[in-house]
Amino acid sequence: MALLTDLINLNLSDYTEKIIAEYIWVGGSGVDLRSKARTLSGPVTDPSQLPKWNYDGSSTGQAPGEDSEVILYPQAIFKDPFRKGNNILVMCDCYTPQGEPIPTNKRHDAAKIFSNPAVAAEEAWFGIEQEYTLLQKDVKWPIGWPIGGYPGPQGPYYCSAGADKAFGRDVVDAHYKACLYAGIDISGINGEVMPGQWEFQVGPCVGISAGDQLWVARYVLERITEMAGVVLSLDPKPIQGDWNGAGAHTNYSTKSMRSDGGYGVIKEAIEKLGRRHKEHIAAYGEGNERRLTGRHETADINTFVWGVANRGASIRVGRDTEKSGKGYFEDRRPASNMDPYVVTSMIAETTILWKPT
């Protein structure tokens, strides 16, 4: 008698050329992820080989019931760490039947910015530090915390080890390996300052790929937390009070910044970002005002300040960048629930294309 696990772990490539493609897209809230699967006749190596598909947008808050069809355009493919074999995950963006991007399709405009010749020539690199919190399923309280109570104050938990300090490492390590298997450029993980909170880093990625990879990494994490029976929260301040919030610090460099004399280019870029601070803050995630208070390793939401090795600044420049006179900087303002297509393309547009008057 076959067990359920035997069937889940079947290697289809031993029996058929057909594969399963899991189409993934961003839902109506702009933060939720949706997906559904279809069978393809054989292995696929490029998204251009994949058929467009559709879904009921009235069920995701993305279309009215009387005209509910939304079209999925495949944009990037990854190996499927859940079904394995030749099966794939497919990151898609969403269009009307007439070919117009729907309002929640932030990838479309980002792709236009990254395909601009001036931006493409600068080979914009991004490394995104995605912080998140793991919650107990039934009470929506961080894992490892006493129900209705609080653990000891922050201090022992950051990059910690031990059953009384590090909570959820099995989920975190499973996600790390699953992302590597999928072909995501995940570059590391660590426990965060608030217990039950973790971080993974994606990058360096070039241009639009940063958004594709971070969204799929979030999807993989959603699936793993589903299996583990815990809840993933991207809320930028999941616990009020004297607890760190959750961000998505975005590290950025261009070819000019990475070249000799790049420190001057970095300072010019930071000056531009400061002049458009309000526009960036408005696009950097919902609820960010609860996190950017000027405390807990943040700058105040209404203040723009940068500094070398300053984790209380809006923009942090690393000591190595200052010393070598070239490199990258970190935008610490984005919230954990930000849309990476929006944040990365906005940084590139402001620093490369925007001409202050």
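I looked up the largest cavity and found a volume of about 70 Å³. On a 1 Å grid over the protein atoms alone, a cavity is a set of points where a 1.4 Å probe fits but cannot get out. Grid points are joined across faces, edges and corners, and a volume is the space filled by probe spheres set on the points. The structure holds two cavities of 30 Å³ or more.

I note that this is a predicted model, in which local features need pLDDT of at least 70 and side-chain atom pairs count only at pLDDT 80 or more, while totals for chains, interfaces and linings use all residues. Residues are numbered from 1 along each chain as its sequence is written, and side-chain values use heavy atoms, with hydrogens and water left out.

**Lining of the cavity**

I listed the residues that line the largest cavity; among them are Val-26, Met-91, Cys-94, Arg-107 and Tyr-341. Lining residues have an atom within 4 Å of a point. Strand β5 (residues 88-95) gives the most to this lining, with four residues. Strands (E, at least two residues) and helices (H or I, at least four) are DSSP runs, numbered from the N terminus.

I then turned to the largest pocket, which has a volume of about 560 Å³. A pocket is an open set of points with protein on both sides within 12 Å along at least five of seven lines. Of its 34 lining residues, Glu-129, Glu-199, Asn-251, Arg-316 and Glu-330 are the closest to the centre. Which element gives the largest share of the lining? I found that β6 does, with six residues.

**Helix α4**

I recorded that α4 (residues 169-182) has 14 residues and reaches 20 Å from its first C-alpha to its last, close to the 20 Å expected at 1.5 Å a residue. The expected span is 1.5 Å times one less than the number of residues. Val-171, Val-172, His-175, Ala-178, Cys-179 and Ala-182 are buried in α4 (under 20% relative accessible area, with a 1.4 Å probe and protein chains only). Why do they line one face of the helix? Seen down the axis of α4, the buried residues fall within an arc of 130°, so they line one face; the arc is that of the directions from the helix axis to the C-beta atoms. On the other side, Asp-170, Lys-177 and Leu-180 are exposed (over 50%). The buried residues of α4 pack against several elements, including β4 (69-79) and α5 (209-228). Just after α4, Gly-183 takes a positive phi of about 95°.

**Nonpolar core**

I looked up the largest nonpolar core, where Tyr-132, Ile-184, Tyr-252 and Phe-329 touch the most other members of the 62. Such a core is a set of buried Ala, Val, Leu, Ile, Met, Phe, Trp, Tyr and Cys residues joined through side-chain atoms within 4.5 Å. Helix α5 gives the most to this core, with nine residues. Ile-184 is in contact (heavy atoms within 4.5 Å) with residues including Phe-78, Cys-179 and Val-216.

**Backbone notes**

I checked the peptide bond from Gly-203 to Pro-204, which is cis, with omega near 0°. Pro-204 has its place in strand β8. Lys-140, in the loop between β6 and α4, has a positive phi near 55° and is not a glycine. Ala-309 also has a positive phi, of about 60°, and has its place in the loop between β11 (306-308) and β12 (315-317).

Note on methods
Lists of a residue's contacts leave out its neighbours within four places in sequence.
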